[in-house]
Amino acid sequence: MRRYVFGRVGQVILTLLIYITLVYFLLQAMPGDITMMYLSNPKIPQAAREELRSQLGLDQSLFIQYVSYMKNFFRGELGVSFSQYPKPVWDILMEKLPRTFVLFLTANILSFYIGFVLGKVIAWRRGKIIDHAATVVGITFWTAFYPLLALVVIWIFAYNLKWLPLNQFIDPRLWTAAPFTANQVFGNMVCGAAIVAIGIFLIFFYLLRGLKPSRRSRVYAWSATAALIAAVVFVAVRKGMLIYIWDITRHMILPVLTLTLINFAGTMLLMRDSMLETVQEDYVLAARAKGLPDRVVRDRYAARTALLPTVTSLVLSLASSMSGGMVTETMFSWPGLGQTLFTAALANDYPLATGALAFTGIFLLIAHFIADILYAVLDPRITYTGQSGI
Amino acid sequence: MDTLLRLEDLTMHYKTKAGWVQAIDGVSFSLNKGQSLGLVGESGCGKTSIAMSLMRLLPNNAKLVRGRVLFGGQDLYALSDEEIRKLRWKKIAMIFQAAMNSLNPVYSVGNQIIEAILTHEPETSEEEARERVKSLFELVGIPAERMGHYPHEYSGGMKQRAVIAMALACRPSLIIADEPTTALDVIVQDKILREIEDIRCKINMSMIYISHDVSVIAEVSDVVGVMYAGKLLELGPADDVFKKPRNPYTYSLMYAYPSILGEKHDLVTIPGEPPNLLAPPAGCRFHPRCDWATKECAKVEPVWHEIANGHYLACHNPIRTEAVKPCVEQVAATGNAQVAATGTVTEMHQVTAKGGDGNGASGSN
């Protein structure tokens, strides 16, 4: 296993190297550079433009530029943004990255969970009304034109019903007198959510393991969960952050909803297919013969093994939603990685655009890596010995 | 002796696109406590369908046309889903045909057995269940430390033993063994058969043993039922049926098997194939392949009746015991099964023609 992990890390690094190279040259292939926008400005003479170019290093040959970029990249230096001069690219990305990451991770986990549960249920009740209804609704959203769906969602929930904000990350009116910056609040919010998530996982893992958890350990688990959430909320209130956290959460709801709507059907149909195969397995029949309750047969026998190929879809849907991230963030004016990439590309801001794309790639590579490990955890038949190539 | 299980005219059909498949047709028998019944027949003759209908685990397209399954005096098909669920495994357990695949690949084998115990005996603690599985593992001959292993880490024979241990977990009063040893080599098969017999005698459990292998059935059953195309053709004490087979099908099935220890004789083959159960032949379902068949066999269905104590038969022209012996000798002598079989047919006809005609006449009236 350890050998496998190390080998896989090596692969990830190699893939990343190739990816960055491709991205770098692709962006360089765009016509012009950042100084193009001064072209129409009569106050800036040609000589000044040339000087600017040499300051930014744009007058050197492409190969030399590339080599120095790669050297700096692997030392963790992504350069300075041209359009937001002199802000380092790293700082900009570190500000935007968590926002994108949290938004898409939430949406993906939500749509995966909904897809998994629905797929399981409709496969178990194949041919019934719920099967047809869920399939039709799911495919309708799955094939919807994404920006249009986003507009419709905004129109219904923000414009007509006025339940939720139209777009943006925060409500500026609320934050003018705020004692915190949005990033501080967001950082705290993410930490709190992570503590709750890990805490709940550990509580249930330790208290409810075994085939027959006692009623008492069930009560313990649920009360510990409630106490943990209460503690986190209490800390937020004490810090006076609760109202600001709520504001950010409110702004997250619509993009998450839209992403979930458009994505859940993929997992659902995959799960349905995979499950229709496993319900025919002998061990599912054996489980029914054992007199296990219907629910147990469905969840522990049919769905548990059907889950394995679906895990791949979690990674793939993460990939597809990340690449669609630019659209989402533009539609909802969400100041994240996608929007940054969009504006940077328009402004010929190579360092920022390359940096943003590089992080999208790193995201995906890590996701694939996690999926491989997850596979081994979920399926006892898979053992990574390291000798067998991959 | 107490009757544990009683099938009364059980008739079950499968609905398919091509029509109704008559998988089980008017099967009746009863099984006493502690007795073992062997069901033998070619593939696709409805043996497994009977097993599944005893567990009420039939696929959705199956339909019980008529008949009853009485288990301990209770009609299984009158029970609610929840009641039948609680009865499964607790009272009737099953050793599956594909033992290799009847274990869930993602849970350890021990846990799958513990799960069955905990489901049916909620008052049992997990530790008690674990202890019980340990002793079950010893009983079937798997080291107890293999409990925590996954099915893919077991060999075929071990999986088979584990499945047997699982079937015994709730101490059921009836075990249905559906070809439990078909996938194993003969040495392991023999060992497992002996183990099953030992365990069965120890805890006085009834068993229905399903196989296409006559020799296996002969080894493990008190009573033998011979099935063909969804119907029982002959049923009786194993000694009677195997020593004096009355139905031509039973006879052919027995001599279609090679004997290692006995005299060398050519195998009797049964010409043709089992019929399509969408439209089974009229009259006796075996008649197109039967060398003893007469005209009436094609027209009138033979009646299921008791010919001796506990020996049931459905045949117009049953083989007389005297006729069997020369036939077997002839097979050995001429070395031509077909000729031998047809050679005896005329004899048989002469012997049985009278009774057969009588039946036919009464049937058509």
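Reader: A:Trp175 lies in helix H7 (residues 172–175) of chain A. How many other C-beta atoms are within 10 Å of A:Trp175?

Author: This is a predicted model, in which local features need pLDDT of at least 70 and side-chain atom pairs count only at pLDDT 80 or more, while totals for chains, interfaces and linings use all residues. Residues are numbered from 1 along each chain as its sequence is written, and chains are lettered from A and ligands numbered from 1 in the order in which they are written. Helices (DSSP runs of H or I, at least four residues) and strands (runs of E, at least two) are numbered from the N terminus. A residue is buried if 20 or more other C-beta atoms, placed from the backbone, lie within 10 Å of its own, exposed if 12 or fewer, and partly exposed in between; A:Trp175 is partly exposed, and its number is 16.

Reader: With which residues is A:Trp175 in contact, leaving aside its neighbours within four places in sequence?

Author: Two residues are in contact if their C-beta atoms, placed from the backbone, lie within 7 Å. The C-alpha atoms of A:Trp175 and A:Trp246, which are 71 residues apart along the chain, are separated by 12 Å. Leaving aside neighbours within four places in sequence, the contacts of A:Trp175 are A:Ile170 and A:Ala182.

Reader: Is H1(A) roughly parallel or antiparallel to H15(A)?

Author: Axes are lines fitted to C-alpha atoms, for helices over the stretch in contact, with angles from 0 to 180 degrees between N-to-C directions. The axes of H1 (residues 2–28) and H15 (residues 350–378) of chain A come within 9 Å and cross at roughly 155°. Angles under 35 degrees count as roughly parallel, over 145 as roughly antiparallel, 65 to 115 as roughly perpendicular and the rest as oblique. The angle therefore makes H1(A), relative to H15(A), roughly antiparallel.

Reader: How many residues of the contact of H1(A) with H15(A) are nonpolar?

Author: Among the residues making the contact are A:Leu16, A:Tyr19 and A:Val23 of H1(A), and A:Leu357, A:Ala358 and A:Gly361 of H15(A). Ala, Val, Leu, Ile, Met, Phe, Trp, Tyr, Cys and Pro count as nonpolar, Asp, Glu, Lys and Arg as charged, and the others, Gly among them, as polar. By these classes the contact has two charged and four polar residues, and its nonpolar residues number 14.

Reader: Is H5(B) roughly parallel or antiparallel to H6(B)?

Author: In chain B, the axes of H5 (residues 156–168) and H6 (residues 186–203) come within 11 Å and cross at roughly 15°. Because of that angle, H5(B) is, relative to H6(B), roughly parallel.

Reader: Which residues of H6(B) make the contact with H5(B)?

Author: From H5(B), the contact is made by B:Gly157, B:Gln160, B:Arg161, B:Ile164 and B:Leu168. From H6(B), the residues are B:Val188, B:Ile192, B:Ile196 and B:Ile199.

Reader: Which element gives the most to the side of chain A that touches chain B?

Author: Contact between the chains involves 20 residues of chain A and 26 residues of chain B. The elements giving two or more residues to that side of chain A are helix H11 (282–289) and helix H12 (294–323). With six residues, the element that gives the most is H11(A).

Reader: Why is helix H1 of chain B largely enclosed by the rest of the structure?

Author: Helix H1 of chain B covers residues 47–55 and is followed by B:Arg56, whose phi is positive, near 55°. Its buried residues include B:Ile50, B:Ala51 and B:Met52. H1(B) is largely enclosed because, of its nine residues, the number buried is seven.

Reader: Is B:Glu179 buried or exposed?

Author: B:Glu179 is found in the loop between strand S7 (174–178) and H6 of chain B. Although B:Glu179 is not a glycine, its phi is positive, about 45°. Because it has 21 C-beta neighbours inside 10 Å, B:Glu179 counts as buried.
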